[in-house]
Structure formats: C-alpha cells, structure tokens
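Here is a brief report on one chain.

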Amino acid sequence: MSFGLTVILTPLICSTDQSNGAGEFNLLGVTVTLPESEKTATAKHSGPGASAQEGAEAALSALSSYLAEDMAACNRAIIERMDSPVALIPQLAAHLVAAGGKRLRPLLTLASARLCDYPAGPDHQRHVALAACVEFIHTATLLHDDVVDESQLRRGLASANAVFGNKASVLVGDFLFARSFQLMTDDGSLKVMAILSSASATIAEGEVLQMSTQNDLSTSVDQYLTVIHGKTAALFAAACRVGAVVAKRPDAEELALEAFGTNLGMAFQLVDDALDYAADQAVLGKTVGDDFREGKITLPVLAAYAAGSEEDRQFWRRVIEESEQAPEDLDHALALIAQTDAIGVTLDRAAAYARAAREALDIFPDTRLRRLLQDTASYTVSRAR
C-alpha cells in the first residue's frame, strides 16, 4: 500500500524585546517562565530518555537554527495575534506558550518557502503570517482534543483544560481557529485559503473517525491510516504546500512538498502512537498509556491483537472493546506488545513513510536546507528507537 501524501518541531524562540534573557518573557501582560527545554533556541532535551532523542533533537535544532530569523518573526506574530481584551484568552495562551512545544508545523511552512527561494526582506512576510496561521490551527485542535480525551497532561505540564476547565479550552480553541482564518483572509490568496481550510476540515473528520473506531478491534489498518492522515498528516501537508504557493513555484514542486509533509506526518504520528507504549512520561509529555486507557485503536494494538493467541485476544477485547481494565492491565498490555514486536512493526512502517518523505524532496536542488529537511525525516523515527 502506498501513500503519495506528508513535520517538524522547532523550539519556541523569544525575540529579544520580549525575553529577559532568563527564560522569561511577557506575553500580553502575563509573565511566562519557560521550561528548561525551551530556554534556548536549541532546546536540548536533558531529562530521562535524552539519549533516545539526541539524533532527532540535533536534526530539529539544526533546522531551527537555520531558520532562526524567520521563526523569531513567526513567534512575534503568534504572540501579537493571541492578544485580546478578554482576559482569559491571553491567560490561557500564556499557559500554552509556557508548556513549550517545538513549533513543528510552522517551521515546515517557513522551510518550504525558503526551499522554493521565497525572497527575504520586510516586504516578503507572507510565509511568516501563514506559519502563524498553521500553528493556530494546530493549537486549536490540541485544545479541543484534550477536552475530548479528558487529558490531564500536555507536553509534560497540566493541560489547559485541567487548569482552566473544558469550557474555556473549547472557546479559546474556537478563538484560535477564528484567528487562523483571519490570517488566511489577510493573505488574500484563494488558493492558500483552499489548502488550509481543506486541511482544517480534514483534521475534524480524522478526529471524528478516530472517535468512531474507538474501542473497535475490527478496525482495519487502512482505516487506522486514514485516521492518522486526517488528524495529523493533512496539516503537515498543507503547511508544506503553502510554502511553495507563496513562492509561486510550479505545481510539481507544490505536490512534492505536499508529499513530503504527508509522509512525514504519517511517520510522526506512527511514532507518537508507538511511544504511548514504549516511552516514559518525561519523554512522552503526557501520561503513558493514555491511548490504552481510552481504548484508542492504534497500530501497536492492532499488530499485537493480530499476532496474539486466542487468550491474548480475549484480553484485548476485554480491555479495549469492553473497557474493563484493572490497574495491572497496562503492564500486561505492554508485555504482549513486546512479545509480538508490535512496536517494531509500527516503527518499520514509520520508517517507510520517512523514506518516502526524503525521496519526495529529490526534485529540489541538493542544498543545505533540503538536507536538513531530509535529516529531520530520518530522525523522526529515532524518537522511539
């Protein structure tokens, strides 16, 4: 089965007029103290699991450093557009910024534009505004997802819904979606609006499909891949493609970047799903086993179920389909996943998508930026190795 479909994370970079140099800055009247991993542009991970992430962190840091000026401008745009006279909005926004994050999706927009020779200078800032737009779409979906999933952690800190409540999280998510569409209309390109609005609809469809397949072990691998394409890869693809659009590149280059983004997004989500059964909480940034407890159908579960004995399958039906879980069941699930090499199966498929992402960029000249993007695809899978 092949996908011609396709992210990366860049650390939060504070402009010098906002940061006090000590990992703190003022966001709309609220002082935000960044976690240690976000206090520098390289954001080198120093907690448990660092060795497993060194390659990925190095690749992302190199890409982030290459685009540091653009990313700083993007962060300024994000902070400006989070402003509101409604006090709760900047307060919740400050909480999101303090939680960190790698700014993966907007970095892709900036990188794609530069790969396509989009001009530099103050009169050429479309890519910056659209990168902020992409980040708002992504952040809005995270706020909504955490409410739906009843998540208590996001990026290692208390989730917004845990701190501010479900109603505030949903409404601020709506605000960020609205801001993203303001940025689209400000850009003025119907093609850009078509790409990003279509991706927004696809994300919602992917989340609804995931809810429909929850607790259903008859879900096929193809259905699962459709879910992760919708919920993750579609926005990666759009983030990359609009970079080529603002640079006014030929359709072939637009489609190549879309394929890069899609395949990278597929690889990224597959690894994310593997990490839920193979990481510690400090690396994962959320409670380990959340997917298991929620009965989410992911490839590690499908692979373990397919390769297990009848006794094993009875266990999976009880804990996933019937939602009858005892405290010790997560450990047993982890043991079954290890016995059937379900993580290996998942990561092998992720590696295939990462390879397709790298190959999609072969249409472009062999520049340092192209190599940085290809390295990022390579190291995406290493997060769980």
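## A threonine and its contacts

Leu96 and Leu176 are in contact with Thr139, once its neighbours within four places in sequence are left aside. The model is predicted. Thr139 sits in helix α5. Its relative accessibility is 8%, so Thr139 counts as buried, the cut-off being under 20%.

## Nonpolar cores

The largest nonpolar core has 66 residues. Within this core, Leu196 and Phe260 have the most contacts. Helix α5, residues 126-149, gives the most to this core: 10 residues.

A second, separate core has 35 residues, including Val301, Ala303, Ala304 and Tyr353.

## Helices α13 and α14

Helix α13 covers residues 299-307, and helix α14 covers residues 310-321. Their axes come within 8 Å and cross at roughly 145°.

From α13, the residues Val301, Ala304, Tyr305 and Ala306 take part in the contact. They meet Arg313, Trp316 and Arg317 in α14. Of the residues in this contact, five are nonpolar, two are charged and none is polar. Val301 and Ala304 also belong to the second core.

## Confidence

Mean pLDDT for the chain is 83. A pLDDT of 70 or more is reached by 80% of the residues. Residues 1-52 have pLDDT below 50. In the model, this stretch has 146 contacts beyond near neighbours in sequence. Where pLDDT is low, predicted coordinates should not be read in detail.

Note on methods: Residues are numbered from 1 along each chain as its sequence is written. This is a predicted model: local features need pLDDT of at least 70, side-chain atom pairs count only at pLDDT 80 or more; totals for chains, interfaces and linings use all residues. Side-chain values use heavy atoms; hydrogens and water are left out. pLDDT is the predictor's confidence in each residue, from 0 to 100. Contact means heavy atoms within 4.5 Å. Axes are lines fitted to C-alpha atoms, for helices over the stretch in contact, and angles run from 0 to 180 degrees between N-to-C directions. Helices (H or I, at least four residues) and strands (E, at least two) are DSSP runs, numbered from the N terminus. Ala, Val, Leu, Ile, Met, Phe, Trp, Tyr, Cys and Pro count as nonpolar, Asp, Glu, Lys and Arg as charged, and the others, Gly among them, as polar. A nonpolar core is a set of buried Ala, Val, Leu, Ile, Met, Phe, Trp, Tyr and Cys residues joined through side-chain atoms within 4.5 Å. Buried means under 20% relative accessible area, exposed over 50%, partly exposed in between (1.4 Å probe, protein chains only).
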